[in-house]
Amino acid sequence: MAGDPTKSRSADVTPAQQADRSGSVPDRKASTSEAIAAFVAKARAMTPQAPAGRGRLVFALDATMSRQPTWDMACALQADMFREAASLGSLDIRLVYYRGFSECRATGWISDSAALARLMGKIDCRGGNTQIGKVLSEARREAVAAGVRAVVFVGDAMEERVDDLCAKAGELGMLKVPVFMFQEGHDETAEQAFREIARLTGGAWCRFDPGAAAQLRELLRAAAAYAAGGREALKRLSSNESGAAKLLGQMK
């Protein structure tokens, strides 16, 4: 993954440096509101944005050795996220996964379920420790650079310093990017960390049973609805699906 974005440095500008070619200094009484409007317009032009109506979702998966059955299940179910979002607008997904020894990778933005399925089909799970911190850092970078409406994480374990993860989650919370933590199984350490990450980001934690495709499908559809249409879309879906109701009930 790329490193943290660097900040450009700008030197202080003196009145002499502000002089135009004729040697005159700009009028200090120029409209402040006009200056602010010009700055805002320039900032908007420089900030990458998703096309109008498109939701952006970071889809993160634990791809360590024990996760192969769930990886295959998620691969089969990911198309449901696109289908759910299609009724509300559209959806771009960035897949992030970790496995092996310090391997954590992210794809580009993908807008086609078939393309995502082909990509996921080429990835096999490998033994290793969790790298949830890297997932959260990647989500934050994308939230700042391109705009992200939500993050989904699917995993069953947590082997990192929980305070470090909470600090990263807090940054996402400041950016108003909710993280939906979907836990497979009943690991208590993972549950404690996942719940806190969800709370700090304004997201939600939900458990699904090992191999329970129907449960995971509902959760993924609910997250996609939120990414594409916001809280109102999730609220509408919650009247028919329990997965959406579980997410909505936790979100602040």
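Modeller: First, a word we'll need: buried means under 20% relative accessible area, exposed over 50%, and partly exposed in between, with a 1.4 Å probe and protein chains only. This is a predicted model, where local features need pLDDT of at least 70, side-chain atom pairs count only at pLDDT 80 or more, and totals for chains, interfaces and linings use all residues. Residues are numbered from 1 along each chain as its sequence is written, and side-chain values use heavy atoms, with hydrogens and water left out.

Colleague: How many helices and strands does the protein chain have?

Modeller: The protein chain has 9 helices and 6 strands. Those are DSSP runs, numbered from the N terminus: helices are H or I with at least four residues, strands are E with at least two.

Colleague: And what percentage of the residues count as buried?

Modeller: Of the 252 residues in the protein chain, 44% count as buried. The chain exposes about 13400 Å², and carbon and sulfur atoms supply 51% of that; the areas come from the Shrake-Rupley method with a 1.4 Å probe, and for residues only the protein chains shown count as cover. As for contacts (heavy atoms within 4.5 Å), among those between residues at least 6 apart in sequence, 75% join residues at least 24 apart.

Colleague: Let's do the sheet. What is the order of the strands?

Modeller: S3-S2-S1-S4-S5-S6, in an open sheet of 6 strands with mixed pairing. Two strands pair if DSSP finds at least two bridges between them. Strand S3 (103-110) and strand S6 (204-208) are at the edges with a single partner strand each, so one side of each has no neighbour in the sheet. From one strand to the next, the twist averages 15°.

Colleague: How many residues of strand S1 are buried?

Modeller: 8 of the 9 residues of S1 (residues 54-62) are buried, so the strand is largely enclosed by the rest of the structure. S1 runs parallel to S2, with 9 bridges joining them. One to look for: Leu61 has Tyr97 in S2 as its bridge partner.

Colleague: And how do S2 and S3 run, parallel or antiparallel?

Modeller: Antiparallel, with 6 bridges between S2 (residues 90-99) and S3. Arg94 has Trp109 in S3 as its bridge partner, and Val96 has Ala106. The two strands form a hairpin with 3 residues between them, and Gly100 in the turn has a positive phi of about 55°.

Colleague: What's phi of Ser102?

Modeller: Near 60°, a positive value in a residue other than glycine. Ser102 is in the loop between S2 and S3, and with a relative accessible area of 46%, Ser102 is partly exposed. Lys176 also has a positive phi near 60°. Lys176 is in the loop between helix H6 (162-174) and S5, and at 70% relative accessibility, Lys176 counts as exposed.

Colleague: New topic: which residues does Gln131 touch?

Modeller: Leaving out residues up to four places away in sequence, Gln131 touches Tyr98, Arg99, Gly100, Ser102, Glu103, Cys104 and Glu160. A polar atom of the Gln131 side chain lies 3.3 Å from the backbone oxygen of Glu103. Gln131 is in the loop between helix H4 (113-121) and helix H5 (132-145).

Colleague: Is Gln131 buried or exposed?

Modeller: Buried, with a relative accessible area of 6%. Arg126, found in the loop between H4 and H5, is partly exposed at 37%.

Colleague: And what is Arg126 in contact with?

Modeller: Setting aside neighbours within four places in sequence, Arg126 is in contact with Ala63, Thr64, Met65, Arg99, Gly100 and Glu103. The C-alpha atoms of Arg126 and Ser66 are separated by 8.1 Å, though the two residues are 60 apart along the chain.

Colleague: Last one: where does helix H9 lie?

Modeller: H9 (residues 242-250) lies across strand S5 (179-184) and S6, at about 145° to S6. That angle is between N-to-C directions, on a scale from 0 to 180 degrees, with axes fitted to C-alpha atoms, for helices over the stretch in contact.

Colleague: Which residues in H9 are buried?

Modeller: Gly243, Ala244 and Leu247 are buried. Seen down the helix axis, the buried residues fall within an arc of 95°, so they line one face of H9; the arc is that of the directions from the axis to the C-beta atoms. The buried residues of H9 pack against S5, S6 and helix H8 (213-238).

Technical notes:
A polar contact is a pair of N or O atoms within 3.5 Å; within protein, one must be able to donate a hydrogen and the other to accept it, and residues adjacent in sequence count only if both atoms are side-chain atoms.
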